[in-house]
Amino acid sequence: MSYQARFKVWRGDADGGGLVDYEVTVNEGEVVLDIIHRLQATAAPDMAVRWNCKAGKCGSCSAEINGRPRLMCMTRMSVFDPAETITVTPMRAFPVVRDLVTDVSYNYAKAREVPSFVPPAHLKPGEYRMHQEDVGRVQEFRKCIECFLCQDTCHVVRDHEENKTAFAGPRFLMRVAELDMHPLDAAAEEGLDRRRGAREDHGLGYCNITKCCSEVCPEHIKITDNALIPLKERVVDRSYDPLVWLGNKIRRRGAEHAP
Amino acid sequence: MATGTEPDTSAAGDRSARGVHHATRAAIPARHLRRDRWWLQPAATAAGLLAFIVYSTWRAFAGSDYYAAPYVSPFYSPCLAENCADMPGGADWEIVGSWWALSPALLVLIFPLGFRLTCYYYRKAYYRGFWASPPACAVPEPHAKYSGESRFPLVLQNIHRYFFYFAVLVAGVLTYDAALGFRDENGAWGHMGLGTLVMLANIALIWAYTLSCHSCRHIVGGRLRTFSKHPVRYRMWTWVSVLNARHMQLAWASLVSVAVADLYVYLVASGAFDDPRFF
Amino acid sequence: MTRVDRQAWDVVVVGAGGAGLRAAIEAREQGLRCAVICKSLFGKAHTVMAEGGIAASMGNVNSNDDWQVHFRDTMRGGKFLNNWRMAELHAQEAPDRVWELETWGAVFDRTPDGRISQRNFGGHEYPRLAHVGDRTGLELIRTLQQKIVSLQQEDEREYGDYEARLKVFQECTVTRVLKAPSKSGSAAGGRVSGVFGYERESGRFFVLEAPSVVLATGGIGKSFKVTSNSWEYTGDGHALALLAGARLINMEFVQFHPTGMVWPPSVKGILVTESVRGDGGVLRNSDGKRFMFDYVPDVFKEKYAESEAEGDRWYTDPDHNRRPPELLPRDEVARAINAEVKAGRGSPHGGVFLDVSTRMSAEAIQRKLPSMHHQFKELADVDITAEPMEVGPTCHYVMGGVEVDPDTAAAVGVPGLFAAGEVAGGMHGSNRLGGNSLSDLLVFGRRAGLHAARYAAAFATGAAPAVAEADIELAEAEALRPFGAEAAGNASGGVAENPYTLHQELQQAMGDLVGIIRRASEMEEALHRLAGLRARARRAGVEGHRQFNPGWHLALDLRNMLLVSECVARAALEREESRGGHTRDDHPGMDRRWRRVNLVCRLADESAEPAAADSVLGLIRLERLETPPIRGDLLELFEKEELRKYLTDEELTS
């Protein structure tokens, strides 16, 4: 039932560090986070790691296991060969703080740049009416636990630090999509164009839909197919459709010539 | 005081180092630590696409052996040049004059080619397979700069929707071609051969692929904000969504079926093989 | 001594779960500057674990529902020990709090006519829980988080700074609530002046000065071995309040959720939502028997089905049938499961079977219980659409908490201190109904924020209570003690203690001795062990430095866990009856005379220097407080017959 496993865990901080070898007991039914906790309680009491719910609901224990972005609490030890050495590193797209803890402030900064839900002016609390089929898409995106694994794996920022200013990342483009699909969002009435924002402020064009965000999502949200591509199509409606462009042009001219 | 909601820009070190080796990130010499065979998928994708490109280039430029009554190769339909083979009852509309001396396939292939080239699935496939951007998840890409589809030329991928409209027209013609497959070589109706089945399978897959397109999904209903006000379009959107979930499989299946259909016609037309007739 | 970073705010909220964020939003909307401090990242609070829903009598699914019915259910669930005024306010205001969330962007599941859908839950007479699948807590946290961001965006437009009036200090821990000395000079009657804490990331200390501090730190579950709670639940707010001179009530009432996962060991305790039963899940023992029919207590006999057939019919025709006993209040179900396992009729891993697969289609299960399906598939390799789950009781919630004024959420005895959510006591009496937690967070979070803001606004600029330099130095020395433990230990002849070991021993003691079924002798033993642990915790030592050092963090949290554990054990020993979340093997019946008693805990030595290693005396003093009489018009909502079960004869006649 139990066996000794070999682990390599990255230890260090912003000034440097490296993979450290550990031998540790693994029991039946355990996940990688249990092993990290066992290391804390025995070999390395000061090993820094974020975690919270241990059930894949809070999105705190994001890391990279054998080079793949994963939640440590949702990675069962039984998927590994007992003879295998398991490598655990912090997320590699974000600045490291210490050991497995990274500075995820990029995500919080991007979250602030997405204009919030605009409540419709004509409806009071309690008067909102939405049908289940109208909220289904939005609800899928709101399953997001903000583990930021999609942000971590996205090559646009992982491989190009300089793109972090222009690109919001899959999680926050999905937030834009969520608001644009919300049946009662009144952004347009306030003169706010979320589609233009997606292209101009949040860097939707940087996404080349290579789907790594969808692959790593622990909530199995189809980020690319259901959020990013539909958002791209909505941007096409807004910015790249010559018929729409022509229509707008004519309408604007019409308005100018109106008495 | 740090609150963790403002990015820290104070870290020292070599800021010129790229990506995962940027000075602020965990110091790990290896570019990636994946131990599975992550290269297999992009390699297989590239090989598959390459094989199709080689085959289709040869066939498209050949300009011969594309019609064997009652079957026409999907590469050559509709056939729009004066130099087209005579296809009784078929889609050989000689719109382009005799000045066109190249293979007539080149005139029409632009549309399905453009459709597939700008398709959201194929984009992923060749960005990963040919351009290694990225080769696989959490495996760094080799390029120093990246602007994705935000600039010319890749910003042109946004015209996918218009290729979709053309692809529907082409699929319509191919449907007509498939129907013509129920004739015999003399044009009499009510017959069927192995080629008819090949044509039918091909057109079914072409339609499934075309309708499962992300742009199609957007146009039929995805662009709506409140589905409940458009029950018919919502129903259509749910159907297309089911197909869309299989878009990758349909992309490959229809790619293979087009090549097979063409190859079948080539074999029959060049006399290498006789179309078995059922009735 | 290092210089400590100091900032001045109007309102400081400790905790960023549902109650804390709702309080912060309210304080900021009152025009005050508000700081929120939380131990985890912003948006990761334990509220995300709430699954079932928010109880609010909107009457969307059954129009017979109203606040009076909700009030009645809440009082029944709490066995009439609830602070009736809190229960009344809660029932009245919950619908508004839910509707308000929609205007902030929350997207609940819908009824066919487009309103917020409501689901059945244990102890609620009508379908009442607004929900989003089984991830309602996540929706609540995300909505509040996004509302905070939206307020910050407003401030950015107005002041050019997102954090001008509302700032989240994430990954920070508060170790002391600071007070200005009272006019008489002693700290005892003083007003709150701010908080002292440290940044987990850097280990740096800081002081936020503020006349109002709202505690919204959640519960104490991490003192127990099998718990659904995360590491954050170390009773910080309970302990901070005690140390600041406030009192805790009802600490003996700890809710054990009947259905936690029992296997694999690493996830033991993690919650299986009550919606599984609300949507048709049945409990069976190893004989395949639906044992809950044998455990319906007399007070609930008329309300629950007598046969399986009737229970089954209730799901489709609730007006003409009674609900199945699987939907009894949580304490009843937890005790029943415990009894079945003890009688040898448990499942292979020491729980019982909970089965939805026989009653719902696989497709319906995946739609209604997606995260449960996911949780069992990924963590236990069990497909709940085809097989039963194994479940057993897990420590879930503490009904006890800071004694507060029901209308203002102000902590009794400490001006400037407020408490809301799980850290506040009284609202749920001896047992909380499922779904009443999220509504509690919203209703009293808002009230705490409102009254904290009003209290703070009453101080003229510069007139806020001052933080004493000496208090900062004391707090700093206390926080640094674990680093010097080795040296101190050697000097006194002991060795430094591993905080992880101490924590495990504490959890074991509380789980074994003050758990779901309690006995006097065991609780005396628990108090004895707690005294020993307290002495050893003084020597808890850590290696390394202050930057993100979890060993150090745990060493500091031990103080809080030990304090609240003693409160639980001492109050549980005192209350010689069984009621709600407190079951005494040696006093199995409910005693109407005990209903009039709230047990109040306060700190013995107000300087909080843990001198007393004496298990008999300890650090906590208990007092009995008579519960306020329930207002007449509220009593009239109940049948006389029913009241007779809870109220003494003299209460009934007066």
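Predicted model: local features only at pLDDT ≥ 70, side-chain atom pairs only at ≥ 80, totals over all residues.
Student: What makes residues of chain A and chain B count as being in contact?
Tutor: The cut-off is C-beta atoms, placed from the backbone, within 7 Å. By that test, 54 residues of chain A are in contact with 49 residues of chain B.

Student: Which helix gives the most to the side of chain A that touches chain B?
Tutor: That's helix H9 of chain A, residues 223–240, with eight residues. Sorted by class, this side of chain A has 21 nonpolar, 18 polar and 15 charged residues.

Student: How do you know that domain 1 and domain 2 of chain A touch?
Tutor: The assignment puts domain 1 at 3–101 and domain 2 at 104–246, and their C-alpha centres lie 31 Å apart. Contact goes by C-beta atoms within 7 Å, though, and twelve residues of domain 1 of chain A are in contact with 14 residues of domain 2 of chain A. On the domain 1 side, those residues split into seven nonpolar, three polar and two charged.

Student: Over in chain C, why are strands E4 and E5 said to stand at the edges?
Tutor: The open sheet runs E4-E6-E5 in chain C, with antiparallel pairing. E4 (54–55) and E5 (118–119) of chain C each have a single partner strand, so one side of each has no neighbour in the sheet.

Student: And what makes E4 and E6 of chain C a pair?
Tutor: Pairing takes at least two bridges. E4(C) and E6(C), residues 129–130, have two bridges in the antiparallel sense, so they count as a pair. As for Ile54(C), its bridge partner in E6(C) is Ala130(C).

Technical notes
Residues numbered from 1 in each chain as written. Chains lettered and ligands numbered in written order. Contact = placed C-beta atoms within 7 Å. Helix = DSSP H or I, 4+ residues; strand = E, 2+ residues; numbered from the N terminus. Nonpolar A, V, L, I, M, F, W, Y, C, P; charged D, E, K, R; others polar. Domains from an automatic or database assignment.
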